[in-house]
Amino acid sequence: MGNGILGQKENCALDRTFAQAQGPSTCVPSTKQESYFLYDVKTENAFFPCEPSLRSGLLKLSVAKHRSTEHRAASPPSLALVAPCSSGAGPQPLQKHLSRRKAGLVAELPPAPMPVMEKTSTDASPLTMHSSEKQETVCIFGTGDFGRSLGLKMLQCGYSIVFGSRTPGMSSLLPSDAEVMSYSDAAQKSDIIIITIHREHYDFLTELTEVLKGKILVDVSNNLKINQYPESNAEYLAQLVPGTHVVKAFNTISAWALQSGALDASRQVFICGNDSKAKQRVMDVVRSLGLTPLDKGSLMAANEIENYPLQLFPMWRFPFYLSAVLCVFFFFYCVIREVIYPYVYEKRDRTFRLPISIPNRVFPIAALTLLALVYLPGVVAAILQLYRGTKYRRFPDWLDHWMLCRKQLGLIALGFAFLHVLYTLVIPIRYYVRWTSNNRTITQVITKKENPFSTTNSWLSDSYIALGMLGFFLFVLLGITSLPSVSNMVNWREFRFVQSKLGYLTLILCTAHTLVYGGKRFLNPSNLVWYLPSAYVIALIIPCTVLVIKFILILPCIDKTLMRIRQGWERNPKYSESSLNGKTDI
Ligand SMILES: NC(=O)C1=CN([C@@H]2O[C@H](COP(=O)(O)OP(=O)(O)OC[C@H]3O[C@@H](n4cnc5c(N)ncnc54)[C@H](OP(=O)(O)O)[C@@H]3O)[C@@H](O)[C@H]2O)C=CC1
Ligand SMILES: [Fe+3]
């Protein structure tokens, strides 16, 4: 009995897999701390209750026990692992469950096809593979970092590992339970061969074409550069060793992650291959290692899978560069207005504004502009659809790309909004602010001048702060709902409601916050410095444009047309026909 299955994470998938593999049976999924029973669906014999933490191990034992009894000769048992309807072990809940099953209250799982396994594999289902006396043997070509780590992990999960190596006698650091032999000898030991060798060294595999015929070759290789070779490594391997079933897998999992077990960030294993049976078997292996296989289709997808680990935040690049450009531009714009101008005309040193005052102008401007840029592609797309009178023409690539990175733009905008909040909170403790306030009071005392209370100013100041706080609150809400863990919990309509309706409300509040902050000063010519308006005036251009266009788009007459177009109506159907025939540019 391998120790792998006891160490596996508990989930009901095991129950389902098992139940499906065994044919019609009853499975009550439960993740709660309930006791489980193993029972034969046909004879309705209960075996014994078991705790969830032990159920897979006990199940394994039970299957072995069951097989060694007289049932063995009879038709395959329909065993199922069931959770009682209420918590607490004992025959009572099981009886209840059985009567519920009879009454049709518990779903019968439809018979699922048995996983196809080749003759050489030791057993038929993932579960029975672990429960059988003989473990499945998997061959690993190459005894380098990745081969060793994968081999160790597979040994831990109950596989028998045979390494193929150029120098079997000299291979060190290998797990002691594994066998090491020459490549051709090792290949004969299993019909799944994982090639943990760099593509550049694949040539020798051609000599093994005969022995590898009909076998599953798992290509794990990565390259150093995106699109380094004309064809993917997996396709190259398939050409090099014809007659084999090449499956691409494991290339997104690092040797380090396999060793350290820190797989949370990269549990997904992309898989592709032309032979569905071969792919299925590799997916079973992946699953049994506690990883999640993700079928990406045929071997044509290998190129994309190989490029995946080489990408450096592809969706973040445009938002990152854009925000950097915005920050640099507005920083220098403010420096010209608030540092250079006073120095040139008044010989006043205002450089102390560089660490806090100017960044606290740049951050809200960047936040507001980026937030507006999240919604701008949506209105541009709507205008394009209205102009073309159809939705059946592709958007230009730049618009597609822009649409795809809206979430990243929004998250960067949220980051800037956070910075603005932090920088604003420290304002009262700044020396410059305290000095100005004290000085004003002293001047009033000396000149015996009063500063009467202004209700207008009070309104403006409070509205400005309130709008800012509400805008920030909704901004944070938008950020939270964009997290996969949250967005996976809501349906499409709810997600659209939050991201579109609440998003626009956030944009309105933040724009209003900026407008009220500027008050009457914005359009005052005396506020121009070297003909340059305040940075906030420029910052308001994009948000106001987006809001005005959006307002026009939701006017009933325009909104109706847009809705019809989005439901498939075309102003000029011939137009899209010709575009379908490739006569128009897209
Ligand atoms: N390291 C990692 O984290 C990951 C690696 N990969 C992929 O796994 C594959 C192996 O990577 P890794 O284990 O790090 O590499 P290593 O260089 O550590 O190991 C490669 C192995 O290939 C074998 N080999 C066969 N022929 C040759 C040859 N002519 N010259 C040199 N070595 C040869 C050697 O084994 P022997 O001496 O026994 O013959 C060698 O140990 C690569 O394709 C890589 O892209 C994929 C994901 C992650
Ligand atoms: Fe503000």
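Hi everyone, let me begin in the loop between α13 (314-346) and α14 (359-388), where you will find Lys347. Before going further, please keep in mind that this is a predicted model.

What is the phi of Lys347? The angle is near 55°, a positive value in a residue other than glycine. As a reminder, most residues other than glycine have a negative phi. Is Lys347 buried or exposed? Lys347 is exposed, with a relative accessible area of 61%.

There is a second residue to look at in this way. Tyr531 sits in the loop between α20 and α21 (535-539), and its phi is near 65°, again a positive value in a residue other than glycine. Tyr531 also counts as exposed, at 78% relative accessibility.

Now, on to the metal. Which residues donate to the iron ion, ligand 2? The protein donors are His420 and His513, each through NE2, at 2.1 to 2.2 Å from the ion. His420 belongs to helix α16 (residues 406-425) and His513 to helix α20 (residues 492-518), so the pair ties together parts that are 93 residues apart in sequence. Both His420 and His513 are buried.

Let's turn to ligand 1. There are 19 residues around this ligand, and those that come nearest are Thr143, Phe146, Ser165, Tyr183 and Ala255. By class, the shell is made up of six nonpolar, 11 polar and two charged residues.

If you zoom in, you can pick out some polar contacts. A polar backbone atom of Phe146 is 2.8 Å from an oxygen atom of ligand 1. For Asn222, a backbone N or O atom is 2.8 Å from an oxygen atom of the ligand. With His198, the side chain takes part: one of its N or O atoms is 3.0 Å from a ligand oxygen. How much of ligand 1 does the protein cover? On its own, the ligand has 880 Å² of accessible area, and the protein covers 77% of that.

Last stop, the annotation. An unreviewed UniProt entry places the feature "transmembrane region" at residues 320-345, 365-387, 408-433, 464-490 and 535-558. Let me show you two of these spans in the model. Residues 464-490 are 81% helix and 0% strand, with end C-alpha atoms 33 Å apart. Residues 535-558 are 88% helix and 0% strand, and there the end C-alpha atoms lie 34 Å apart.

Technical notes
Residues numbered from 1 in each chain as written. Chains lettered and ligands numbered in written order. Predicted model: local features only at pLDDT ≥ 70, side-chain atom pairs only at ≥ 80, totals over all residues. Heavy atoms only, no water. Donors = N, O, S within 2.8 Å, 3.2 Å for Na, K, Ca; no water. Helix = DSSP H or I, 4+ residues; strand = E, 2+ residues; numbered from the N terminus. Buried < 20%, exposed > 50% of the residue type's maximum accessible area, 1.4 Å probe, protein only. Near = heavy atom within 4 Å. Polar contact = N/O pair within 3.5 Å; in protein donor to acceptor, adjacent residues only side chain to side chain. Areas by Shrake-Rupley, 256 points an atom, 1.4 Å probe, with all protein chains shown as cover. Nonpolar A, V, L, I, M, F, W, Y, C, P; charged D, E, K, R; others polar. UniProt positions renumbered as here; feature names shortened; annotations may be inferred.
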